[in-house]
Amino acid sequence: MGSKKRKRGLVEGFRVLTLLYRVSELPAGAFQRLVELFKAYRAVAALYFWSKRLNIEEGVELALERARQLLPSYYRHAFDERSQVYQFGEVGKMRRPRKIVLQLPLVEALHPNCGAYIEDNKLIVRLGNGERLELPLPERALRWLQEKEREVAPLKVAKIVRIQWREDRPEYLKVQIVLRVERQKPVMPDPKSALLVYVDANSDYGIVAVYAVSDGSETRVLETPKLKPPNRGRRLMEAARRKHAAAQGRKPSVNYALARLSERFDSRGWVKSAAARIFKKAFQRASGRSLMMNFDIPDPESVKNSSLQKTLISLRKVADNLAKWFGVYATFECYPSTVCPYCGSKLEIAYTRRTRIAYCTKCGFYDDRDYVPFYHWCKALGLPMPKWPLQRIELPEELRRKLNTVRPGSPG
Ligand SMILES: [Zn+2]
């Protein structure tokens with residue numbers, strides 16, 4: 001087969017002749033041999049293709065070795081880059097997929113008879129042929145595992161160990177122990193006997209939660225915590241201060257390390273811990289009641305270019321997972337924050353130093369804008385409205401006068 005080195009300025013022209021034959025009219029024996037060849041080629045080609053695509057040299061070599069064993073020499077040109085019949089010219093141009101395929105070389109249950117198990121504060125990974133890799137497990141990790149198992153008892157937790165190593169980050173071996181619990185999908189509790197938790201991630205502030213109970217004649221708000229991620233400006237200032245101290249020779253290694261820590265804010269980590277706190281408080285507040293939670297999270301399309309909002313989107317996945325883990329009934333519905341829950345008029349916003357006050361010029365309703373969706377949720381559940389405002393708000397004098405003309409006297 002001649003070399004295919006194309007000269008600059010030349011183009012290749014093609015003409016294709018297509019012929020069709022009926023299999024039933026072909027000699028059966030030879031045709032069967034062709035099918036076998038085809039199957040062998042297909043398996044070798046798949047190994048070659050993916051190894052090329054994933055940059056796994058050992059895979060390419062293995063494929064070529066198999067080709068030598070299984071394919072007649074003239075068909076092996078399909079794997080020869082210099083050949084005119086080379087079949088994989090496009091592979092190099094494709095993007096290399098890395099996740100999943102390359103990160104999970106070992107997935108096994110956590111049990112002495114399986115690929116990995118825990119013994120004496122160590123994670124033992126079996127390597128085959130009686131060999132094992134012992135990885136120390138910190139006390140904290142062991143406690144975490146026990147705690148998580150207790151959280152869902154008496155349900156059984158299934159455990160899987162994932163071991164990940166990447167050529168592009170060769171200095172780390174990443175080990176994950178994944179706990180999984182299976183349970184019935186929680187049914188919707190009666191809102192009149194449940195602890196109601198409304199979580200709003202639409203706020204400019206961070207995450208706002210409203211904890212309430214209702215007996216059908218009165219809806220009582222218990223608590224309205226707001227969770228705010230660490231301030232970015234303050235973190236960067238702190239980092240600059242540390243770097244300056246380090247440059248002056250004051251404990252450089254400590255100060256540089258602390259500067260790096262302040263600079264690198266793990267926003268997903270913050271969302272995870274915020275969600276965990278919301279659930280924890282819900283269990284404390286529930287005292288025997290069922291839980292009913294709604295997470296109001298903006299959909300990714302509608303999010304403005306604010307990094308806080310982007311961070312908050314990840315709350316959906318985190319909350320969904322926690323709800324499934326604990327068996328909590330959770331919905332992910334969005335309710336309006338700009339419509340008056342009483343008369344349906346469009347709400348106006350007044351900014352004070354601490355709050356954005358949403359108010360209605362038709363009926364005099366006002367509250368912190370972040371709490372407005374909770375009223376709409378109560379309405380949707382057929383529950384009475386809570387007393388408003390949920391928390392005391394210092395109204396600016398001008399706004400107080402404006403609202404008094406609509407509805408004289410103090411509200412709620
Ligand atoms: Zn109104």
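I began with the meeting of two helices: Ala40, Val44, Leu47, Tyr48, Trp50, Ser51 and Lys52 in α1 are in contact with Gly59, Val60, Leu62, Ala63, Arg66, Ala67 and Leu70 in α2. Contact here means C-beta atoms, placed from the backbone, within 7 Å. Helices (H or I, at least four residues) and strands (E, at least two) are DSSP runs, numbered from the N terminus.

I noted that this is a predicted model, where local features need pLDDT of at least 70, side-chain atom pairs count only at pLDDT 80 or more, and totals for chains, interfaces and linings use all residues. Residues are numbered from 1 along each chain as its sequence is written.

**Helix pair.** I looked up how α1 (28-53) and α2 (57-70) lie. Their axes come within 8 Å and cross at roughly 165°. Axes are lines fitted to C-alpha atoms, for helices over the stretch in contact, and angles run from 0 to 180 degrees between N-to-C directions. That makes α1 roughly antiparallel to α2, a term for angles over 145 degrees.

**Cores.** Which residues have the most contacts inside the largest nonpolar core? They are Leu195, Val197, Val199, Ala209, Val210, Met293 and Leu315, in a core of 49 residues. A nonpolar core is a set of buried Ala, Val, Leu, Ile, Met, Phe, Trp, Tyr and Cys residues joined through C-beta atoms within 7 Å. Buried means 20 or more other C-beta atoms within 10 Å of a residue's own, exposed 12 or fewer, and partly exposed in between. Elements that each supply at least two residues include β7 (194-200), β8 (207-214) and α6 (267-286). β8 gives the largest share, seven residues. A second, separate core has five residues, among them Val44, Tyr48, Ala63 and Ala67.

I then checked Val199. Beyond its neighbours within four places in sequence, Val199 touches Ile207, Ala209, Ile278, Met293, Asn294, Phe295 and Asp296.

**Sheet.** I found an open sheet of three strands, ordered β13-β14-β15, with antiparallel pairing. Strands pair if DSSP finds at least two bridges between them. Tyr359 stands opposite Tyr366 in β15.

**Loop.** Is Gly89 buried or exposed? Gly89 is exposed, because 8 other C-beta atoms lie within 10 Å. Gly89 sits in the loop between α2 and β1 (106-109).

Note on methods: Angles under 35 degrees count as roughly parallel, over 145 as roughly antiparallel, 65 to 115 as roughly perpendicular and the rest as oblique.
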